[in-house]
Amino acid sequence: MTGPTGATGATGATGATGVAGPTGPTGANGADGAVGPTGPTGATGANGATGPTGAIGATGATGLTGATGPIGATGPTGANGGTGPTGAVGPTGATGATGATGPTGATGPTGTVGATGLTGATGPTGTANLNAYGGLYNATPQTLNLTIGGTTQLPLAATMPLKNVTYTPANSITATAAGVYEINYYTNVSAALGTTVTLAVRRNGTAIPQATLSRVLSVGVASIYNGSFIIALNAGDVIDMAISALLAVGITLGSGVNTTLTIKQIDA
């Protein structure tokens, strides 16, 4: 029979661990003694070797979906995509207001010549024959040297057919019958100096006002003097042409026909 438990003595120093003996039979549980004070913790022993990995356990149930996180920053813009197919043509819009009139376009090409018109009525019968006519001309190139204040007769050496006129004196036409005459004249001259040159058709050596022309000529530039007029002449009137200038200058009559003078009686 077990006696009462005495007071617990002080814990002695831990001795060296002895060799484990065989496990004896489990004795009957004795009455719990009073708990003694806890002794100091011994030094931690060395880690034992890692044991083998255990088998993977069964997958647990999926947890609940967490709350949506905040929107992240916008990423950089991607490259442009290819052009999509052209869409269908939309309906025609309403007609807009008429714009301002544009400028006139260039003149178009000349159209084709129209059909010839009807022939007009026959005019009155003209004079069957002229009572008097004649003409002179010059086709010889030459230079005339003009003096200041003087006049020079134009040469008219070549003759045309004549009737009731004469070609005397030289370079002139003399009417032998009084009447109304149409006179035509022409000359083409150029000057060696720039100056004013005057051409006059003369009657009996006097310039006829309606047949006197003055022009400023440029050096070496040809100028044409020509005209037509009607005048009453007496029998024996002499018609010729003369030229003058403000400066002493050479006047050149060019090649080809350069001077003509014609008269014809149109009324007695």
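A salt bridge is a side-chain nitrogen of Lys or Arg within 4 Å of a carboxyl oxygen of Asp or Glu. By that criterion the structure holds 3 salt bridges.

The model is predicted, and local features need pLDDT of at least 70, side-chain atom pairs count only at pLDDT 80 or more, and totals for chains, interfaces and linings use all residues. Residues are numbered from 1 along each chain as its sequence is written, and side-chain values use heavy atoms, with hydrogens and water left out.

**Salt bridges**

| Glutamate 182 | Lysine 264 | 3.4 Å |

Glutamate 182 forms a salt bridge with lysine 264. Glutamate 182 belongs to strand β7 and lysine 264 to strand β13, so this pair ties together parts that are 82 residues apart in sequence. Strands here are DSSP runs (E, at least two residues), numbered from the N terminus. For accessibility, buried means under 20% relative accessible area, exposed means over 50%, and partly exposed lies in between (1.4 Å probe, protein chains only). Glutamate 182 counts as partly exposed because its relative accessibility is 21%, and lysine 264 is likewise partly exposed, at 31%.

Arginine 203 is in strand β8, while aspartate 237 is in the loop between β10 (223–233) and β11, 34 residues apart. Arginine 203 has 30% relative accessibility and therefore counts as partly exposed, whereas aspartate 237, at 7%, counts as buried.

**Strand pairing around β13**

Two strands are taken to pair if DSSP finds at least two bridges between them. Strand β13 (residues 259–267) pairs with strand β1 (residues 133–138) in the antiparallel sense, over 6 bridges. Within this pairing, leucine 261 of β13 is the bridge partner of leucine 136. Strand β7 (residues 179–191) also runs antiparallel to β13, and 8 bridges join the two. Here the bridge partner of tyrosine 186 is threonine 260 in β13.

**Aromatic rings**

A search of the whole structure finds 1 aromatic pair. Rings of Phe, Tyr and Trp (its six-membered ring) pair if their centres lie within 6.5 Å; planes under 30 degrees apart count as stacked, over 60 as edge-to-face and the rest as tilted.

**Surface and loops**

Leu193, Leu246 and Leu247 form a nonpolar surface patch with about 280 Å² of accessible area together. Patches are made of residues with over 30% relative accessible area and no salt bridge, with like charges joined within 9 Å and nonpolar side chains (Val, Leu, Ile, Met, Phe, Trp, Tyr) within 5 Å. The areas come from the Shrake-Rupley method with a 1.4 Å probe; for residues, only the protein chains shown count as cover.

Leucine 247 is located in the loop between β11 and β12 (249–253) and is partly exposed, with a relative accessible area of 38%. The C-alpha atoms of leucine 247 and glycine 149 are separated by 8.2 Å, although the two residues are 98 residues apart along the chain. Glycine 149 is in the loop between β2 (142–146) and β3 (152–153), and its relative accessible area of 77% makes it exposed.

**Backbone details**

The peptide bond from threonine 168 to proline 169 is cis, with omega near -5°. Proline 169 lies in the loop between β5 (165–166) and β6 (173–175), and asparagine 171 is also found in the loop between β5 and β6. Asparagine 171 has a positive phi, near 65°, in a residue other than glycine, and is partly exposed at 22% relative accessible area. Asparagine 204, not a glycine either, has a positive phi of about 55°. Asparagine 204 lies in the loop between β8 and β9 and is partly exposed, with a relative accessible area of 46%.

Definitions and conventions:
Helix = DSSP H or I, 4+ residues; strand = E, 2+ residues; numbered from the N terminus.
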